[in-house]
Amino acid sequence: KKSAGKRTPDTGSGGRAPGPSLFETVSVRRKFEVVGRRESRNNKTAPQKRSEGIRKRKETLLEELKQVGKTNSFKDLRFGEKEGLSQEAKAIARFQKVRQARSKS
């Protein structure tokens, strides 16, 4: 006989332990087994996989993005520095370049 006075509320889980919904879990299954390939059986929920992907991208792509355009070298773009001209020849060449720029504008 069941006791009529006290009823326990039904959780609807059928006695299962509360956990992630089966609709939220993402399971990756390989079609073929390849000899020597490591296989991980980590079934994770969609939010866990999303946050893990964001974390990995921040660690790799963000660092690469910060380094774009950095060469760790200095380019001397002053006129006459590469040719090895004397001080006087450099000054004349720079003066000519300034004059040409003024005449164009």
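A: Glu52 is partly exposed, with a relative accessibility of 22%, where buried means under 20% relative accessible area, exposed over 50%, and partly exposed in between (1.4 Å probe, protein chains only). This is a predicted model, in which local features need pLDDT of at least 70 and side-chain atom pairs count only at pLDDT 80 or more, while totals for chains, interfaces and linings use all residues. Residues are numbered from 1 along each chain as its sequence is written, and side-chain values use heavy atoms, with hydrogens and water left out.

Glu52 forms a salt bridge with Lys56, their closest N and O atoms lying 3.6 Å apart; the term requires a side-chain nitrogen of Lys or Arg within 4 Å of a carboxyl oxygen of Asp or Glu. Helices here are DSSP runs of H or I with at least four residues, numbered from the N terminus.

The structure holds two salt bridges, and the other joins Arg55 to Glu59, with 3.0 Å between the closest N and O atoms. Arg55 and Glu59 are likewise four residues apart in helix 1, and so about one helical turn from each other; Arg55 is partly exposed at 42%, as is Glu59 at 47%.

Val68, by contrast, counts as exposed at 60%, and its place is in the loop between helix 1 and helix 2 (87–104).

Technical notes
Helices (H or I, at least four residues) and strands (E, at least two) are DSSP runs, numbered from the N terminus.
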